[in-house]
Amino acid sequence: MKILKFGGTSVGTAENINKVISILDQQCKDTNIAVVVSAVGGITDKLLEAANLACNKDLDYLQKYDVIWSIHNSVIDGLFLNPEEDKLLQKQQDNLQEIITDKLNDLKSLLNGIYLINELSPKTKDKLLSFGEALSSTIIYYTLQSRKLDAALKNSQELIVTDSNFNNAIVNFEITNGNIQKFFESNTNAIVLLPGFVSKSIHGEITTLGRGGSDYTAAIIAAAMDADELQIWTDVSGMFTTNPKLVKQAAPIIELSYQEAVELSHFGAKVLYPPTVMPVLKKQIPIVIKNTLDPEALGTTITQNAKSTSDSPVKGLSNIDHIALLTLQGNGMVGIPGFSKRLFETLAQEKINIILITQSSSEHSICFGIADIDAQRAKEAIDKIFEYEIALQKIDPIVVETDLSIIAVVGDKMKNHQGISGKMFSTLGKNNVNIRAIAQGASERNISAVIHKNDVKKALNSLHEQFFEIKTKQINLFITGVGNVGERLIEQIKQQKAYVKENFKINLRIAGLSNSRHMIVNDEGINLKNWKTQLENGEKASLDGFFQHAKNLNLRNSIFVDITANDAVANSYGKYLKESIAVVACNKIACSGNIEYYNELKQLSRQYNTSFLFETNVGAGLPVIDTLSHLITSGDKVNTIQAVLSGSLNFIFNNFNSETTFYDVVKQAQEEGYTEPDPRIDLSGIDVARKVLILARESGHAIELSDLETDNFLTDAAMKAVSVDDFFETLKTDEAYYQSLFKSAEDKNCQLKFVAEFNDGKAKVGLKEIPEGHPFYNLKGKDNIVMFYTQRYPEQPMIIKGAGAGADVTASGLFADIIRIANN
Ligand code: ADP
Ligand code: ASP
Ligand code: MG
């Protein structure tokens, strides 16, 4: 014999009930089956809502009732299509409709009663809740008959006998097992249909087995009958590594031990009602969890000696929502026995279930988690019991925190593995998930943490990545500035995405995109095929709006990428770092602005354990800052830095000679995009000054831009010209001066280079005549070069050389920073 249980979704619509019937039709051919059904999906909640409204004298309960009425009637209509043409079918439908109408009328009378007396006792609640399963089982039974299946309907209340603990009744197995065995002995039908969840007390009053209790009904019958198998049919394909509704990457666990199933279900894997396992465990009956919507899927099999199909000692992650954390604390508690006894006795008297407890060894406080609907009641009762101690200020009034959830990491083999809690908490920490309390069961089968409810999705996703997908890490980018460089970066991400995922197990997604006019966000990742059109149609851009989106999406491994040259954007980095969103900046303003801000960002990056990288600030894609930082962190000290850091100035001085004019060369550089629209920004050396300033700061020297010596080679007239055109005119007028600079260098067989130097704590930039043989002499095109003289490289410098300008290389530099963070 097999026992099959179908949950709310499985019997939630006519379409799904048809799927159930075809499963039953197939299975009853091999063996007798008992079929336990839940209420139609969502009805139990709606019954409760209606009753609460009625109890609060709110007439809206009638509307709720109407909804319950119409849901059942539309299910019936969907199951008996076109009955007019079939007289027998029509009669069966009429019959069913009559019974259902009677039941619904009874329900209405009960609700009216609750409204009148303004009270909803646990006993009345059970009477009310029993309607859900009574209605669904009746509808399915009549449908089975109309489809000519050999079925009987048996009310579980006549079989399952409990105590009078309404809403959560305890089963009397002696009587119950006898009832079940006796009933099935004399039953001859191939299918016996039973409502789940409902039972009766020894005194004959209706009781229920706790929310989600239909699973338990099925397990009780399976154990009593020594069934071959208990099948739990639901709306997902088994017990997953974590709730598949919250974590897309969650996967079904093929095999699970009874103990692991208990642990996962206790800590929130709602797919199995926790008490379900005990009765079948004693008889070693396998539990198979299957998907009614996808019956072919393998599902999960729960047995005693489940084989592990993965290497991970962690089997699953789970969450319990709607948690409140209560803290009892005070100096008067230390070393004095009896506080916890009184505390927990009080909670027991109030019938408040404690989900998690922690106490620090200082004994200064006890902290425990309960369902948040019990929080107020618990506070009142505890404050009352400790009234005397509170008045004497030995302890504080109890502190209640709400809007919390518990997450748990579960696995049988965890006890033999070190480092799981380390991994768990560092993963949560890295993702800015604040942990309010921690508990680890002595069985070491689970480690739980209490966190804010808004962090649950992020926490489960990052832990899932850590324990089950170790191989793929999702990175969520929020990019602002999609000019030349930004566009190249998006292009590179698009091209490399599959490769990076396959080879480096990094899943790169752009979750937010903004230019100065529009912005778009998508927590599933923006489709990069037509990002431009999407952006054009996006919402109006705003710096704070973009930040709020990144914050509220609360995605793990988020990185803010600044590809603007904007002050306000640079000033927003701190906000991101405080949310543990890493920052990658192409923008030089933050690192070359005032030193306090630079130091603050570095400090925030350490405090929040979040990267702040800006490799492209110096030498575009060349690994200059990264190399410098490796030298410094490994204990080296920089003595001198000499560098040519401007691709535009190089281009200009590499092409300027006696055959050309300075005007023509600068004009060409401007036209080809090697300089800023106003070439003076490059020619005045300010950009190079900022770069060497950043290198000096990264070497550990606290200097400001004003401390830098800038040797400007432009004429006064050039600097003072109001417009860019006027500036170009001065180049023509002062051609002789510029030629003299060239001639002086040529006479000494030197090349002109704009050089940045840092030496002995001082930095300067200026035009220099470089003699033949010097590493700068042969610098071509847009190349940059940086020479580090350090304690470890005192004579022969460490040299980094290569293209130091251009959208493509700058975009690769940003890409490299992103990958550095991903690999972190
Ligand atoms: P039923 O109505 O069939 O009894 P439930 O809603 O009680 O279904 O349980 C199934 C739901 O449990 C799934 O839809 C899923 O959202 C939730 N769930 C939570 N954790 C898990 C998990 N680890 N594996 C599978 N489902 C889970
Ligand atoms: N209908 C009940 C509930 O929603 C029992 C069940 O579905 O298991 O809690
Ligand atoms: Mg359930």
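Predicted model: local features only at pLDDT ≥ 70, side-chain atom pairs only at ≥ 80, totals over all residues.

Author: Start with the shell around ligand 1: its residues divide into 6 nonpolar, 6 polar and 4 charged. Residues are numbered from 1 along each chain as its sequence is written, chains are lettered from A and ligands numbered from 1 in the order in which they are written, and side-chain values use heavy atoms, with hydrogens and water left out.

Ligand 1 is surrounded by 16 residues. A residue is near a molecule if one of its heavy atoms lies within 4 Å of it. The closest are Thr234, Asp235, Phe240, Lys245 and Lys270. Thr234 places a polar side-chain atom 2.6 Å from an oxygen atom of ligand 1. Phe240 uses its backbone: a polar atom there is 2.8 Å from a nitrogen atom of the ligand. Lys270 has a side-chain N or O atom 2.8 Å from an oxygen atom of ligand 1. On its own, ligand 1 exposes 570 Å², and the protein buries 89% of that. Such areas come from the Shrake-Rupley method with a 1.4 Å probe.

Now ligand 2. Around it stand Ser38, Thr44, Glu133, Phe197, Arg211, Gly212, Gly213 and Ser214. By class, this shell has 1 nonpolar, 5 polar and 2 charged residues. The side chain of Ser38 brings a polar atom to 3.0 Å from an oxygen atom of ligand 2. A side-chain N or O atom of Glu133 is 2.7 Å from a nitrogen atom of the ligand. Ser214 takes part through its backbone, with an N or O atom 3.0 Å from an oxygen atom of ligand 2. The protein covers 87% of the 260 Å² of accessible area that ligand 2 has on its own.

Next, the sheet. It is open, has 8 strands with mixed pairing, and runs in the order S3-S5-S2-S1-S8-S10-S11-S9. Strands (E, at least two residues) and helices (H or I, at least four) are DSSP runs, numbered from the N terminus. Two strands pair if DSSP finds at least two bridges between them. The edges are S3 (151-153) and S9 (255-257), each pairing on one side only. Neighbouring strands are turned by 20° against each other on average, direction ignored. S3 and S5 (residues 191-195) run parallel over 3 bridges. There, Ala152 has Val192 of S5 as its bridge partner.

Helix H1 (residues 14-27) packs on this sheet. H1 touches S1 (2-6), S2 (33-37), S5 and S8 (229-234). Contact means heavy atoms within 4.5 Å. The direction of H1 makes about 175° with that of S1. Axes are lines fitted to C-alpha atoms, for helices over the stretch in contact, and angles run from 0 to 180 degrees between N-to-C directions.

Terms used:
Polar contact = N/O pair within 3.5 Å; in protein donor to acceptor, adjacent residues only side chain to side chain. Nonpolar A, V, L, I, M, F, W, Y, C, P; charged D, E, K, R; others polar.
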